[in-house]
Amino acid sequence: MNLAIDVGSCGFRAGVQTRPDVLNEPSVVAYGQAPGPLVGQRAEQMIGRHPGHIRIAFPVEGSIVRDFEALVDVFKYMIATLLPGRFRKRFDVVLAHPSHQSQVDRKAFDEAAKAAGARRVRFVEAVLAAARGAGLPIDQPVGSLIVDLGGGATQVALISLGGVVERRTLNFGGRAIDQELVDRVQRRYAFAIGLATAERLKRMACQHVGQAKADAAAVSAHAAGAGTGGDTGADGAPDAGAAARPDAAHVAEQVSEVAAADLHRGEDTAGPATFTVRGRNLATGLPDSLAVPMTFVQESLEQYADQVLGLVRETMEACPPELVGDVMDRGIVLVGGGAQMASVLETLRRRIDVPVTADPEPQTCVIRGLLATGS
Ligand SMILES: Nc1ncnc2c1ncn2[C@@H]1O[C@H](COP(=O)(O)OP(=O)(O)OP(=O)(O)O)[C@@H](O)[C@H]1O
Ligand SMILES: [Mg+2]
């Protein structure tokens, strides 16, 4: 039996061909509790709330193995969850690897999988698997351009005839955007927020852009003004009515999960959109709240979109003209969790004269691709 695995900086995914469901949980392990380590969702819930004797470990960062023990425990968890007992000592692993991963880190992955019980380990380049998972015709003599907006890295690859023709990597992803927001809020407002709050701020801003766009489309489609109740509801704040949106339930859940919902929609009625965050006022040293303008968050997202654009341009410049022509016809596909950043998608669409689409389930493209390879 084969186990397909993609361990990213933010999330790990695993699957077997005999099961339709895919395991998809945060890349976090917590140590220090009986009866043993907690992996994934249950470990993530402890971040920021754990007593001193509990250690929180993040196995992977970008292409680098940060915590070997935690990586082995992630593999063991996958095996225990997905493989029937009789296969737990008789299985092979197909692992996705980042394009820029060093031999040393790939060896660490190999050893970790074997320490967890795998007989053989085979590696597939993650961008290739992602392109297959996104349904691109990667085995045909036609160029497909894929952009993976991950948590630890951003990767662009041009694929044709089953191989990567050109690839570019930026060691900057969604995590770095969050960190940058933490730093910018501190510098601009002398206010300290945590990384989790920054991430939610980023997601809210993306959702706001996505919703604004959906609203605009709905308005033009129903120009007769059927009064759908509008979703700009009660206080006129741009994010009002969030509960009705596809991704909103998830975001709302995250907000309430982390200590004392520290992110709120702005109360302002007509002014620019803001979100209120809780943190520490560095002037007083006391807990406080701060209204952060959406435009402030958008600046970070715009900057990231610029970097992605630069990477796409570099890749295209290095490609044979025939393949560039294919990309112009067929467009670019975004995968990875960052593909849900509506504002980044919008900026790319505005600035490249090529169709840009995001896979509807961008975080599982790699694992779906591995499973489709006949792993
Ligand atoms: N709805 C969303 N809106 C904006 N960003 C999102 C959303 N969902 C996830 N992300 C971001 O996507 C990133 C995680 O993406 P992904 O799961 O593809 O990374 P990964 O595969 O674990 O990391 P990597 O491959 O870079 O090591 C995080 O930075 C997260 O904030
Ligand atoms: Mg990834």
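In the predicted model, ligand 1 is surrounded by 23 residues, of which Gly 8, Cys 10, Gly 150, Gly 174 and Gly 337 are the closest, a residue being near the molecule if its C-beta atom, placed from the backbone, lies within 6 Å of it. Two or more residues of this shell come from helix 5 (174-189) and from helix 6 (195-221), and helix 6 makes the greatest contribution, with four residues; helices (H or I, at least four residues) and strands (E, at least two) are DSSP runs numbered from the N terminus. By class, the shell comprises four nonpolar, 14 polar and five charged residues, where Ala, Val, Leu, Ile, Met, Phe, Trp, Tyr, Cys and Pro count as nonpolar, Asp, Glu, Lys and Arg as charged, and the others, Gly among them, as polar. Residues are numbered from 1 along each chain as its sequence is written, and chains are lettered from A and ligands numbered from 1 in the order in which they are written. Because the model is predicted, local features need pLDDT of at least 70 and side-chain atom pairs count only at pLDDT 80 or more, whereas totals for chains, interfaces and linings use all residues.

Helix 5 also meets helix 8 (residues 294-317), through Ile 177, Glu 180, Leu 181 and Arg 184 on the side of helix 5 and Val 297, Ser 300 and Tyr 304 on that of helix 8, contact requiring C-beta atoms, placed from the backbone, within 7 Å. The residues of this contact divide into four nonpolar, one polar and two charged.

Note on methods
Contact = placed C-beta atoms within 7 Å.
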